[in-house]
Every structure is written in C-alpha cells, then in structure tokens.
Amino acid sequence: MKPTRVLSIALAAGLFAGCSKPENAAAPAKEAVHKHEHHPPHGGAPVELGEEEYHVEIVRDASAGKLQAFVLDGELENFVRIAAPALEITATVSGHEEKLVFLSIPNNATGEKVGDTSLFEAQADWLKTTPAFDAVLKEITVRTKTYTNIAFSFPKGSDEGGKK
Amino acid sequence: MTLRTRPMPLLEISKLKKSFTADGANHCVVNVRTFRLAEQAQVALEGESGSGKTTFLHLIAGILRPDSGRIAIAGREMSALEEPARDHLRATTIGYIFQTFNLLQGYTCLENVLLGMSFGPGADRPFAVKLLERVGLGDRLKHYPRQLSTGQQQRVAVARAMANKPRLVLADEPTGNLDHKNARESLKLIREACRENGAALLLVSHDREVLAQFDNVEPFDRINHNSAEEPPV
Amino acid sequence: MTIGRIVLKSLRQHTLSTCVTAFSIALAGGLLMSVWAVKQQSQATFTGVNAGFDAVLGARGSKLQLVLNAIFHLEASPGNLSWSDFLDIQRNPNVELAVPLAVGDNYRGYRLVGTVPEMFEKTEYAPGQKFALQPGGAWFDPTRREAVVGDFVARKMRLHVGDTFHPFHGLIFDEKNQHSETYVVVGVLKPSNTPADRVIWIPLVGIQRMSGHDPKAATDVSAVLVKLKAHSAIAGFQMDMMYNKQGNRLTFAWPIGSVMAELFDKIGWFDRVLALVSYLVASVATASILAGIYNSMNERRREIAILRALGARRFTIFSAILLEAASISALGMAAGFAVYGVIVTVVAGLMRAQTGVVIDPFKFNAVMLWSPTVLIALGALAGIIPAVKAYRTDVAENLTPHS
C-alpha cells in the first residue's frame, strides 16, 4: 500500500507543478478594455447617443484647425457608418455661437464613401485657438435611430444624449 | 616478589541472555553465565543444531544485541554500544566464517576479500592479493564464486575473514558443507591463518573429526544454560 | 571498495532491468527537453522573424494568414490589393518603407516572390543584418526576367548563377502548369536563416505579367510589407484601428510578432499536452525504478545481510540503494540527451525545410539543467522505499541456515 500512496502523491505533485507553470505569451499591444469603462479609441471626447447606444467621438487637431467626428458603437470599439452626407454642430465660444458643418470623408483605404462613412470633418480657424467649448449636435441618425440636440462639452464629452 | 597479573582476555562474557518470542512464548536461546577467550587462543564449542551456537556467535559479533549481560572484546563493551559502533567494531576486530561461505556471487574472489576489509581498515589491494595467494587462489583473483569448487569457495571465505586483520575469528560450522578431504584442509588453513595473523579462533561444530583437532573443546550446553519454554513476560 | 563500487556491481547484476528503466527515463527526459526547448526556441524565432518590417497590409482576411503568406511565404494570400492601395500606404507620413509583394508561381514547389529592389537595398532582415549575395552574383534588374535565389532553394535545386528555369503556375508544383517564360539566375543569397532562403525572388512585374495571369490584375499585389517611421510611436496603433476597425476592405497585420505570438497562444495546448505526456512517462519510469529495485530486495536480502555482517552500517546500505536508484536515473538522463539530440535535429530540419526558419537544436536552454536534476532527484526519491526495506533487513535471519 505504502509505495502506491507515495507514487500517487508524487504523480499529482508533478502534474500540478507542470500544469501550473505560467504561460509566457507575448501580450499584443491592445488597449485594456474594462467591462464598464469605455475609452474613446482616438483619445477624443465621447459624446453619448441615447443610453450609450452609440457614440460620437470628437477629436481636435489644433494645428490644422480641424475637428473630426467618428461615429462608434455603444462600447466605443467598432466604427459605425451612417448615410448622412454631413453633420451640424453649434458651438458656444466666448458667449457667441459658431456653426460647424462636418462633412462626410471618403477613404479609399477603409472603403468608406460619402453616404457610407463613420468619419466626418469640420474646419474652422477658431478651432486653432479654442481648446474648450460647449456645443450641441443638432441631429444624427444612426441606423434607424435618430438623436437630436445632443449637448456636450469639449473636451469632456457628454453623459447623456437626446433621443427622439 | 613480582606481582603476576593475569593477561586480559580478548573476549569476556558474563550473564549473557538472549530470548526470542515464538508462538506467544518466550524462548531463551542463550544464557551464558561466564565465558572467556584469551588472545590468540583457539577454542571449539561442541553443540548440536538448534543449541543456540549461531545466536551466541551473532551476539559476540554484535549482529544481535543481548537482552542482558556483558560482552567485552579487547576491553571494549560490545553489548553497551549502539548499532553503528557495534558494526564498526565488528568491521575492525572480527572475522566471520560461515557454514555456507556467504560469498557475494556478483563479486570476484578479489572483490569479496576486499569487501572484508572495506568497512573497517579500508581496501588494501596488495594485502588482499597476498591473502588469496596464501590460501592457494592467487591465480583465481578474477574468478566468480560460481566458477570455483566448494573447497575453493571456503578458502576465499577464509581469506575474507582475515582481510580486516581481525583479533577474533568466529567460525560457524565452517566445514559443514565440505567433504572429508576439503574439510580437513579447510580446518588446517583456518587454524594456520589465525595463528599467522595473531587472531584468536572461536569455532562451533558438531563434527567429531573437527573437534578432535582442537586441544580446547568446550561443550556448548555446559556454558549455555538455556531453559525450556518460559511463559511470556 | 566504496559505495560507488557496490552500486556499480548492483547495476551490472541487474543489467536488463537497469537498461529498460534507464531507457524509459531517457525517453521521458529527452521528450521533456525537446518539447521545452523546441517550443521556446520556435516561439522566440517565429515571433522574432519579421523580415525587418513592422506590419503587413493585405486584402481583408485573417492577420495570421497575411503574415504567414507575406513573411513566412506559406499559405495562399487572402486576396489582392490594387496598386493604388500600395501607393496610398507608401505615401502615409508614418510609413518609412512600403515594399509590395506578388505571389502565384513556383519553381518545382519553391515559391516565386515578386518584389522591388528596395526589398534588398533598404531592408535589415534582423538588426544590423542586410541581405547579401554569394560571390559572383548580382541583384536582379527589375525590368528583366532575372531571379535571385534563396540559399536553401539553390542548394536543393542545384541552381547557380547563369542557370535558367521556367516557372510553374500556382503555389503547388504541377508539371502541366509550366509557364513559357524563361528566367535566368543572376544571384544566390547568402544564408539569412530566414524564410527568404526558401524562395526565389524575381521582379514584381514578373509575377504580375506572367503569361496566363489575369491582365486586368496586372498591377495588383498580394501584400505590402510596411516599415513604420521610428518616431511614430502610436502610428501602428492608429493604422491598425483605421484599416481593421474603421475599414472593411483591407487588413493591417500589426505588429507582426504579436500575430505570431497569438498563433502560439492558440496552439499552446498542444505543447502542454506534449509536456504532460513527458511528465507521465517520467512518472512511469520513476515508478519502474521503485518497482524494479523493490522487487529485487527479496533476492538481495542475503547479500545485504552479508554486507552488514562484514561491518557495513545500515545507513551505508540505505545510501547504496538510493544511489543505485539515482544512478539509473542519471544513466537514463545521459541517454536522454541523445534522444533529445535526435528529436530536435529532426524537428529543426523539418522546420527549416517547411518554413525557412532556423532553430539551433543545441543552444543552451535551462531545461537541460533542471530536467536532469528533477529526474535524478525523482529517481533517488523512488529509491527511498526500497532503501528503507534494505535498511530494515534482519541480518541474523537472512544469513545462512542456522547450525
């Protein structure tokens, strides 16, 4: 009996030691996505549509005086293409309103065309010198849902979005 | 007036007892009140099979520990020693010749003799070769026991017993497995070897022819007062 | 007559069981070392091979397939890209070098890869290592039907500078699909120990305009190898996001090493299974040491009793048995290195032939230290029970029949 018992313990110890050896896989350069935290992929301001049904990420390129608007899904992971040829945002800068028209940007690399794109861009000189402002996105239709008057502040983003 | 002191005996035994338990009863196998063996003496103990002679020799060699009593070899109390010390004393002081030779079959003659010294004084190859030459097996150094006759095997056993330059040689029916001719030659060799090496010899046998060769023969049952079955303690 | 001598005698007396047990230890040890060393080396090598580029751009599909096709010259390409796609990425401000590749033909099973001279002029396939030609060769003229042959192919096909050959259509050799074009070998690459050694390099237009290929696709490419500029730390990440997430037309496999690392993750279970098999073999082998020596204890009782009667201590006998068990394991491990040598040599040869990737079978790996140590220790451990039995041998009882 004794040799069998010793043998069983040795075998179990050996298997556990072997199996519990940690795998040293090279971790790919992915961003850590936590379950309830969503990070805008370009580091821009997330603007929520509805109850986090979709997002618009606003990114500023100060040197070019440009704002980019990316349409993304609820987790801020996948890009969502919409049919609109343009989007309109009204920003409040030093007390007065500035209208920004974001045009749909086609991209050969991504296969996006006007009327089927997730990226919109607007250009204005005042964007070069204004790092923060409040704004309202007039209207946006994503798939079958339309959202209107979505207020947000840049660069913070928004907590809630309007829904029709 | 000069004081004459008696020389200390090589082996001194007093009130030695050893019992074994079998079938629920205690059997006293050895009960020796007193026994002495002088340096270089050659004594034969006469006794039949089952008389306890082997147990007696095992006790002297330190292979067994007595239940009580005293065994002193060359002044050292064998009986009081712990086992490793008894082993060491046996390795350095005692040579043993067994009835069935007890050579190691996987070892050559030379290696068997070297084993006889390895645990005591240490391997001394030239001395081992000399011992084998002395017993007439100088040309069989690399032979294995199975390649030797019984007489030759016994001679190897004798050489092995002398290997650690013992002060006491114990021989347990050394001629028991030999024919008459070999038995005579073997006994002669044992006695001569002991004499040449200055070792005392304590031999046990029931063979009258063997016993007849000794001046000093002691009936074992005269020194061993083992009783019949005693009730368990 | 030392303990060592006693152990040696014992091993020789039980030659058959010693050899059989040692052999199973050899298998266990050899297998364990092979699995470990090959896995580590091949993972390090495969994830390290990137031909000097950071990413591969290709048609929409699996990143792994793209990398295997463009870097390791295995697998079919997931599709073609247009020349304008190549120009677009070449013009990207974050891109230092973009090299187009075109595949679709072979020479007797060895792939023909069409490319541009920048592949050799501007690329370091490993840090500080540029492609070089063996003496007497030259780089191909991109306007002529000239070929530079990888070292492995040149040796296998016995191609030398000046030799001519006809390519065959497809990635798999079929005698019937021979092209009419004739190519001349103008150079043989020095061995780079990368997949580049396993292919034949020809001008890009050679593949694009080979007879029988679709003329409408005459400017298409199979993939683009991309090297990003050093300062553009997040460029790769952004391009990955644009092509792969924002886009749905093309695939940007970046970083190349990670794509291969993910492959190894996916097949990680396989080498765990192999490792488990070797642990099991080791356990069985160790158990057989225990059983073998334990069972021999009965016939050895008398021998032990004799040694004890000659003055050997119990601990000496105990040590001798332990040492015997450890020695069997040690003998097995010595043979295990031979088993290891055979296995890894075969595996390395296969790997080189199939992928061009070279691993060094005899490079030192920590497993070569710890696996013999563990197996010898296990062997000694297996010897404990028989050693205890030997320790407890009753000397008086096991010596001769009593008189």
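Student: What share of the contacts in chain C with a separation of 6 or more comes from residues 24 or more positions apart?

Tutor: In this predicted model, residues 24 or more positions apart account for 79% of the contacts in chain C that have a separation of 6 or more. A pair counts as a contact because its C-beta atoms, placed from the backbone, lie within 7 Å.

Student: How do you know what confidence the predictor has in chain C?

Tutor: The pLDDT scale runs from 0 to 100, and on that scale the mean for chain C is 90, with 98% of its residues reaching 70 or more. For the complex, the predictor gives an ipTM of 0.91 and a pTM of 0.74.

Student: What is the radius of gyration of chain C, and what would a compact globule of 403 residues have?

Tutor: Chain C has 31 Å, whereas a compact globule of 403 residues would have a value near 22 Å. Along the principal axes, the C-alpha atoms of chain C fill a box of roughly 110 × 45 × 35 Å. Within chain C there are 14 helices and 12 strands, and buried residues make up 48% of the 403 residues.

Student: Why is strand β11 of chain C called largely enclosed?

Tutor: A residue is called buried if 20 or more other C-beta atoms lie within 10 Å of its own, and 5 of the 6 residues of β11(C), residues 223-228, are buried, so this strand is largely enclosed by the rest of the structure. As for its pairing, β11(C) runs antiparallel to β1(C), residues 55-59, with 4 bridges joining them, and Ala55(C) stands opposite Val226(C). Strand β2(C), residues 95-107, is also antiparallel to β11(C) and is joined to it by 6 bridges, with Val95(C) standing opposite Leu228(C).

Student: Turning to chain B, what makes β2 and β5 of chain B edge strands?

Tutor: The sheet concerned is open and antiparallel, with its 4 strands in the order β2-β1-β4-β5, and β2 (25-37) and β5 (76-77) of chain B are its edge strands in that each pairs on one side only.

Student: Which strands form the open sheet of chain B in which the pairing is parallel?

Tutor: That sheet has 5 strands in the order β6-β7-β8-β3-β9, with β6 (94-97) and β9 (216-219) of chain B at its edges, and the twist averages 20 degrees from one strand to the next. Strands β6(B) and β7(B), the latter residues 168-172, are joined by 4 bridges, and Tyr96(B) stands opposite Leu170(B) in β7(B). Helix α5(B), residues 150-162, packs on this sheet, touching β6 and β7 of chain B, and its direction makes about 170 degrees with that of β6(B).

Student: How many residues does each of chain B and chain C bring to the contact?

Tutor: Chain B gives 32 residues and chain C gives 17 residues. On the side of chain B that touches chain C, α1 (53-61), α2 (83-93) and α3 (109-118) each supply at least two residues, and the largest share, 6 residues, comes from α2(B). The residues of that side divide into 13 nonpolar, 12 polar and 7 charged.

Methods. Residues are numbered from 1 along each chain as its sequence is written. Chains are lettered from A and ligands numbered from 1 in the order in which they are written. This is a predicted model: local features need pLDDT of at least 70, side-chain atom pairs count only at pLDDT 80 or more; totals for chains, interfaces and linings use all residues. Two residues are in contact if their C-beta atoms, placed from the backbone, lie within 7 Å. Ala, Val, Leu, Ile, Met, Phe, Trp, Tyr, Cys and Pro count as nonpolar, Asp, Glu, Lys and Arg as charged, and the others, Gly among them, as polar. Two strands pair if DSSP finds at least two bridges between them. The radius of gyration is taken over C-alpha atoms; the globule rule is 2.2 Å times the number of residues to the power 0.38. A residue is buried if 20 or more other C-beta atoms lie within 10 Å of its own, exposed if 12 or fewer, and partly exposed in between; C-beta atoms are placed from the backbone. Axes are lines fitted to C-alpha atoms, for helices over the stretch in contact, and angles run from 0 to 180 degrees between N-to-C directions.
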